[in-house]
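This briefing is written for a reader who has not seen the structure before.

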Amino acid sequence: MSKQRKAVALISGGLDSLLAAKTLLEQGIHVEGINFFTGFCVEGHTHAIRKKDKDKPKRNNALWSAEQLGIKLHIIDVIDEYKDVLINPKHGYGANMNPCLDCKIFMVHKAKEWIKENDFDFIITGEVIGQRPMSQRKDTMPIIAEESGADDLLLRPLCAKNLPMTLPEREGWVDREKLYGFSGRTRKPQMALANNFGFEDFAQPAGGCCFLTDKSYSDKLVDLWSARGDKEYDLDDIMLLKVGRHIRPNNNFKVIVAREDGEARFMQGYKKEFLNMNCASHRGPLALIDGKPTEEDLIVAAQLVARYGQGRDAEVVDVTIREKDGNERQVQVQPFIADKIPQEWFV
Amino acid sequence: MAKEMLNAKRLLCPLPVIRTQDKVKKMNHGDILEVVCTDPGVMQDIPAWCRINGHKVLETLSEEMEYTIILEVG
């Protein structure tokens with residue numbers, strides 16, 4: 001009896017990885033999923049911080065995919081290791097701060113390590129030639145296989161017929177004839193295959209599954225690095241770039257103002273890490289102050305906070321300034337007039 | 001049968017799931033783990049993770065801004 005072959009599938013939570021894994025399951029391969037959390041992943045939950053997005057499904061799409069497939073999913077925290085990928089991408093960035101090619105090489109490399117540790121035979125991904133401008137091109141896909149170290153252990157079931165044979169195909173573990181030859185940006189073949197497999201409800205993230213492809217997010221990240229003078233970051237830094245209105249009046253400090261209740265609730269959790277303020281005399285948002293503000297800077301910050309509260313048209317507004325240790329004091333400020341806030345302050 | 005607690009407050013999914021996964025790896029069949037979180041998404045994700053990995057959710061509690069999931073390691 002032939003040995004049961006085992007593949008690990010990179011599961012992003014999108015349609016392509018779902019289909020790639022299903023294709024191999026149909027061939028009798030034992031498949032388990034792997035999902036890497038870089039800290040920049042776009043998840044239903046990140047959107048769910050904002051109350052206005054409360055109707056979006058609060059689910060982790062990778063877990064959902066695994067459940068649809070009936071496979072195990074291993075979610076791996078790569079936040080620290082990923083810093084080097086983001087800060088020093090050998091192949092550079094895409095349109096924003098997205099190091100897509102280096103990212104894919106990194107993830108396939110991690111998967112290669114994983115199959116070695118867990119006695120699996122090969123790796124599958126949902127990549128399709130021509131689907132994405134940086135990491136999924138005919139000339140870059142061999143680079144991923146080579147630089148990740150996966151080489152011919154990396155099988156892309158959705159476009160395998162357009163690529164040289166891999167080890168699982170040569171050895172007959174997988175029937176190449178039952179793989180696909182998709183290419184280009186069209187989603188029609190994937191939709192048809194999803195239909196064949198009976199998948200009806202699946203995630204189709206328009207801008208991919210990474211915040212680094214988002215211009216606004218990338219701008220905030222660059223601003224953070226530029227203000228600090230180095231490219232270090234921690235998880236709290238990158239989570240906070242996802243929420244609030246970011247206003248930088250000066251290089252030494254930034255004000256993060258909650259835009260609505262959901263964000264304020266999330267930001268409450270950072271009150272012991274950041275100096276923070278909110279209006280005392282009127283209803284108003286919570287704001288976190290990042291950096292090292294002077295006393296004068298704190299008055300500017302308080303004026304900004306007052307501008308976004310219900311006292312925006314009042315002569316004066318009382319603002320509570322709270323230190324990280326919980327000590328608080330009040331200042332009385334005149335709210336900023338909206339069009340008097342210099343545009344360049346908005347990150 | 002051991003009973004352990006995991007504080008996953010302030011973490012957004014999938015981090016509470018990852019922390020749960022890492023904790024469960026060190027526990028034995030039949031052990032009980034109580035996970036306390038603040039991301040409401042865990043109410044979907046930890047049960048989903050349990051279903052696909054063979055663990056059993058014994059109880060879920062939601063109080064104010066805290067969400068607790070009690071699971072039995074499979």
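B:Trp49 is buried, because 29 other C-beta atoms lie within 10 Å; a residue counts as buried with 20 or more other C-beta atoms within 10 Å of its own, as exposed with 12 or fewer, and as partly exposed in between, with C-beta atoms placed from the backbone. The model is predicted, so local features need pLDDT of at least 70 and side-chain atom pairs count only at pLDDT 80 or more, while totals for chains, interfaces and linings use all residues. Residues are numbered from 1 along each chain as its sequence is written, and chains are lettered from A and ligands numbered from 1 in the order in which they are written.

**Surroundings of B:Trp49**

- B:Trp49 belongs to helix H2 of chain B; helices (H or I, at least four residues) and strands (E, at least two) are DSSP runs numbered from the N terminus.
- Apart from neighbours within four places in sequence, B:Trp49 is in contact with A:Leu63, B:Val17, B:Thr20 and B:Gln21, where contact means that the C-beta atoms, placed from the backbone, lie within 7 Å.
- B:Thr20 and B:Trp49 are 29 residues apart in sequence, and their C-alpha atoms are 9.3 Å apart in space.

**Helix H3 of chain A against helix H2 of chain B**

- The axes of H3 (residues 61–69) of chain A and H2 (residues 42–53) of chain B come within 10 Å and cross at roughly 35°. Such axes are lines fitted to C-alpha atoms, for helices over the stretch in contact, and angles run from 0 to 180 degrees between N-to-C directions.
- The crossing of H3(A) and H2(B) is left-handed, meaning that the near helix is turned anticlockwise from the far one by less than a right angle; clockwise would be right-handed.
- On the H3(A) side the contact is made by A:Leu63, A:Trp64, A:Ala66 and A:Glu67, and on the H2(B) side by B:Asp45, B:Ala48, B:Trp49, B:Arg51 and B:Ile52.
- By class, the residues of this helix contact are six nonpolar, no polar and three charged. Ala, Val, Leu, Ile, Met, Phe, Trp, Tyr, Cys and Pro count as nonpolar, Asp, Glu, Lys and Arg as charged, and the others, Gly among them, as polar.
- H3(A) is mostly covered, with seven of its nine residues buried; A:Leu63 and A:Trp64 are among them.
- The cover over the buried residues of H3(A) includes helix H1 (15–26), strand S2 (30–37) and S3 of chain A, together with H2 of chain B.
- A:Gly70 follows H3(A) and has a positive phi, near 70°.

**The interface as a whole**

- Between the chains, 20 residues of chain A are in contact with 19 residues of chain B.
- Helix H2 (44–48), H3 and strand S3 (73–77) of chain A each supply at least two residues of the side that touches chain B.
- That side of chain A has eight nonpolar, five polar and seven charged residues.

- Chain A has twelve helices and eleven strands, and 46% of its 347 residues count as buried.
- Chain A is divided into domain 1 (6–211) and domain 2 (243–345), with bounds from an automatic or database domain assignment.
- The C-alpha centres of domain 1 and domain 2 of chain A lie 41 Å apart.
- In the largest nonpolar core, of 116 residues, A:Ala7, A:Ile123, A:Ala287, A:Ala301 and A:Val305 touch the most other members. A nonpolar core is a set of buried Ala, Val, Leu, Ile, Met, Phe, Trp, Tyr and Cys residues joined through C-beta atoms within 7 Å.
- Helix H5 (residues 100–118) of chain A gives the largest share of this core, eight residues.
- Both domains of chain A give residues to this core, so it lies between them.
- Leaving out neighbours within four places in sequence, the contacts of A:Ala287 include A:Val255, A:Met277, A:Ala301 and A:Val305.

**Backbone details in loops**

- The peptide bond from B:Cys13 to B:Pro14 is cis, with omega near 15°; B:Pro14 is in the loop between strand S1 (3–8) and helix H1 (15–25) of chain B.
- A:Asp151 is not a glycine, yet has a positive phi of about 45°. A:Asp151 counts as partly exposed, because it has 13 C-beta neighbours inside 10 Å.
- B:Glu64, also not a glycine, has a positive phi of about 50° and lies in the loop between strand S3 (56–63) and strand S4 (66–72) of chain B. B:Glu64 counts as exposed, because it has 6 C-beta neighbours inside 10 Å.

Note on methods
Contact = placed C-beta atoms within 7 Å.
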